Amino acid sequence: MKKLVLLRHGESVWNLENRFTGWTDVDLSAAGAAQAVRAGETLRQHGYSFDVGFTSYLKRSIKTLHLALEAMNLLWIPVEKSWRLNERFYGSLQGLNKAEITAQYGEAQVQRWRRDPQEHPPALTPDDPRFPGHDPRYHTLTHRELPLTENLSETMTRVLPFWTEHIMKAVHQGRNVIVCAHGNSLRAVVQYIDHLSDAEVAQLDIPTGVPLVFELDEQFNRIRHYYLESQNGA
C-alpha cells in the first residue's frame, strides 16, 4: 500500500474577502497561515514524514507547504513547483466579489461557473493585466497553454501530465509525497483517482488546510481516503 497526502492551501486574503482568485497571486490570511502550521503539526502527530513535496507557482500554496513542512522539521526536503498545479483560471471573474457577481448574474449561473466541469467563466482578453502572459513566471508557456478562461475539465487536462510524470513517478519510486495545491486543481486530481462523474465532482468540496490522505494499491487504485484530524482537537 502507498500513501499520498493532498493539502489545499490555507485561507487566502481573497478567500476571506469572498473574491474569485484563480491565478492571482494573493497571500495567506493570518488564519490561513495558522491552518498551514496546524496541518503540519497534525501530520507530525500522526507520524507522517515526506521525501518530496509538490506545489504550484502561487504563494498561498507555496507558503502553506513551507509552513507545514517547518512544523514537521522538514524544510530540507526538495519541493518541486509547477504552474500545472495552479488554481483553475477564472478568467474575467478574478478579483471580483462572489456575492456581487451572484447578485448580477444569479445564483444558478454563478454555481455553474464554479462547479460545472464543462462551464467556462467569462474570458478575459490578452491585453488584460490579469492575463498570465504578462507574468514572467509563465514566460515558457505556449500561446495554447496560457489561459483566458478555464473550466474544471481543462484544469484536469493540464494537471494530469504533471500528476503522471512527476507525482505518481515519485510515489512509484517509494517516496513519501505531499502535494499542496488549490481547491480546483485538487478536485481534478480527486476526480481522476476516484473516477468521479461530473455530477459527483460538482458536489466535492475540499476544506482549506486539512490533510487529505489517499491509500493506493500497487496499481494506484484508491483503497480509501480520509482527512486527518488534529489529535489535540485544535
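Where is the place of Asn 86 in this chain? Asn 86 sits in the loop that runs between strand 3 (79-81) and helix 4 (98-105). Helices (H or I, at least four residues) and strands (E, at least two) are DSSP runs, numbered from the N terminus.

Before I continue, a word on the source. This is a predicted model, in which local features need pLDDT of at least 70 and side-chain atom pairs count only at pLDDT 80 or more, while totals for chains, interfaces and linings use all residues. Residues are numbered from 1 along each chain as its sequence is written, and side-chain values use heavy atoms, with hydrogens and water left out.

Let me stay with Asn 86. Its relative accessibility is 0%, so Asn 86 counts as buried; buried means under 20% relative accessible area, exposed over 50%, and partly exposed in between, with a 1.4 Å probe and protein chains only. The side chains of Asn 86 and Tyr 138 are joined by a polar contact of 2.8 Å. A polar atom of the Asn 86 side chain also lies 3.1 Å from the backbone nitrogen of Tyr 57. A polar contact is a pair of N or O atoms within 3.5 Å; within protein, one must be able to donate a hydrogen and the other to accept it, and residues adjacent in sequence count only if both atoms are side-chain atoms. Leaving aside residues up to four places away in sequence, Asn 86 touches several others, including Trp 23, Arg 158, His 182 and Ser 185. Contact here means heavy atoms within 4.5 Å.

Six strands form an open sheet in the order 3-2-4-1-5-6, with mixed pairing; two strands pair if DSSP finds at least two bridges between them. Strand 3 and strand 6 (222-227) are the edge strands, each pairing on one side only. From one strand to the next, the twist averages 20 degrees. Axes are lines fitted to C-alpha atoms, for helices over the stretch in contact, and angles run from 0 to 180 degrees between N-to-C directions.

Why is strand 4 described as largely enclosed by the rest of the structure? Because 5 of the 5 residues of strand 4 (residues 177-181) are buried. Val 177, Val 179 and Ala 181 point one way, whereas Ile 178 and Cys 180 point the other way. Strand 4 pairs in the parallel sense with strand 1 (residues 2-8) over 5 bridges, and with strand 2 (residues 52-55), also in the parallel sense, over 4 bridges. Ile 178 is the bridge partner of Val 5 and of Gly 53, while Cys 180 stands opposite Thr 55.

Next, helix 6. Phe 162 lies in helix 6, and at 5% relative accessibility this residue counts as buried. Phe 162 touches, among others, Phe 54, Glu 80 and Leu 85, not counting residues up to four places away in sequence. The C-alpha atoms of Phe 162 and Trp 83 are separated by 9.5 Å, although these residues are 79 apart along the chain.

Finally, a helix pair. Helix 4 and helix 5 (residues 107-115) pack with their axes 7 Å apart, at an angle of about 125 degrees. That angle makes helix 4 oblique to helix 5; angles under 35 degrees count as roughly parallel, over 145 as roughly antiparallel, 65 to 115 as roughly perpendicular, and the rest as oblique. Residues making the contact include Ile 101 and Tyr 105 of helix 4 and Val 110 and Trp 113 of helix 5.
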